[in-house]
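Please read the numbered points alongside the sequence and the structure.

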Amino acid sequence: MAFSTRLLYKSRQLYGSQAVLRREVAIPVRFYSKEASPPGLKGDEILKNIFVEVKNKFETALGIFRKEKITIDPDDPAAVSQYANVMKTVREKAGLFSESQRIKYTIETRTQGIPDVRTYLLTLKEIRSKRGLTDELGAEAMMMGALDKVEKEIKKPLMRDDKKSMALLTAEFDKINKKLGIRKEDLPKYEEQLELKIAKAQLEELKKDALEAMETQKKREEFKDEAMPDVKSLDIRNFI
C-alpha cells in the first residue's frame, strides 16, 4: 500500500478539517453581543443559535474543501492563487470574515470610545503588531509626525470629535498618502495582495505540518521501508 494512502488511515489529524479551517471559521464572540441578538431570547436560546450558526458555517466550509483541489506548494504562485480563491469561496459561501474585514472589525471594537487621536493611532499600531503586519513604508511614523504638527498648531491634544482640527490632520494624511503613492481606489488591490500573502503563509504552515506528520509516522516500524511522498502530491480532500 502506498505511503500516502496508508498515511490517510494512520494520521488523519494531518489534514483534519481544523488545519485548514482554524483561521476561517473564527467568529468573534462580540459578533453575538446582546445588542445583536433578537429581542426576547434567553441565554440558552442565544447559545443554541450560536452553536447552530457556527456548525452551519463549518459544514459549508467543509463541503467546499471536499470539492476543491488544493496543492500544498507555497513556492508556486499558481498554487497560492488557487488556495486563496478557495478560501475566498469559503468566506463568501459561509459568510465569514476576510482578513481585511477581521482587521476592520478589530479596529472598530478596540478603538470604540477612544477620545483622542494619539491613543487611537497607538492602538492601531498595537493591532498591527499583534497581527504580524509590517509597516514597510513607515506610514505610522509619518502619521504621528503629522499629529505632532497639528497638535503644535492647535496647542492642545487633538480629539476625534474636533471636526475643525481633524480636517487639518486629514489634509496632512492626504499628503502622506500622495507621497507614498497610496490611493483609495487601489484598496481592493491591497486587500488582494494581503490575502495572497496570508494564503502563502497558510500553505507554508500546512506543508510544515505535513512534513512533521510524515516524519513522525516514518519512525514507526510499519513505515520504515516506505518512501516519503512529495507533499505536493497529497490531496487534502482525502483527509477530510
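1. In this predicted model, the contact between helices H7 and H8 involves Ala139, Met142, Met143, Ala146, Leu147, Lys149, Val150, Glu153 and Ile154 on the H7 side. Their partners in H8 are Ser165, Leu168, Leu169, Glu172, Phe173, Lys175, Ile176, Lys179 and Leu180.

2. The axes of H7 (residues 139-154) and H8 (residues 163-180) lie 10 Å apart and pack at an angle of about 150°. Because angles over 145 degrees count as roughly antiparallel, H7 is roughly antiparallel to H8. The crossing of the two helices, H7 and H8, is right-handed.

3. Glutamate 140 also belongs to H7. Its relative accessible area is 16%, under the 20% cut-off, so glutamate 140 is classed as buried. When neighbours within four places in sequence are left aside, glutamate 140 is in contact with Lys125, Arg128 and Asp135.

4. Helix H5, spanning residues 99-111, contains 13 residues. From first C-alpha to last, H5 reaches 18 Å, close to the 18 Å expected at 1.5 Å a residue. Glycine 113, which follows H5, has a positive phi, near 90°.

5. Within H5, the buried residues are Glu99, Arg102, Ile103, Tyr105, Thr106 and Thr111. These buried residues of H5 pack against helix H6 (117-130) and helix H9 (187-218).

6. An unreviewed UniProt entry places the feature "coiled-coil region" at residues 189-220. In the model, residues 189-220 are 94% helix and 0% strand, and the end C-alpha atoms of the span lie 47 Å apart.

Technical notes: Residues are numbered from 1 along each chain as its sequence is written. This is a predicted model: local features need pLDDT of at least 70, side-chain atom pairs count only at pLDDT 80 or more; totals for chains, interfaces and linings use all residues. Side-chain values use heavy atoms; hydrogens and water are left out. Helices (H or I, at least four residues) and strands (E, at least two) are DSSP runs, numbered from the N terminus. The expected span of a helix is 1.5 Å times one less than its number of residues. Buried means under 20% relative accessible area, exposed over 50%, partly exposed in between (1.4 Å probe, protein chains only). Contact means heavy atoms within 4.5 Å. UniProt positions are given in the numbering used here, feature names are shortened, and annotations may be inferred rather than shown by experiment. Axes are lines fitted to C-alpha atoms, for helices over the stretch in contact, and angles run from 0 to 180 degrees between N-to-C directions. Angles under 35 degrees count as roughly parallel, over 145 as roughly antiparallel, 65 to 115 as roughly perpendicular and the rest as oblique. A crossing is left-handed if the near helix is turned anticlockwise from the far one by less than a right angle, and right-handed if clockwise.
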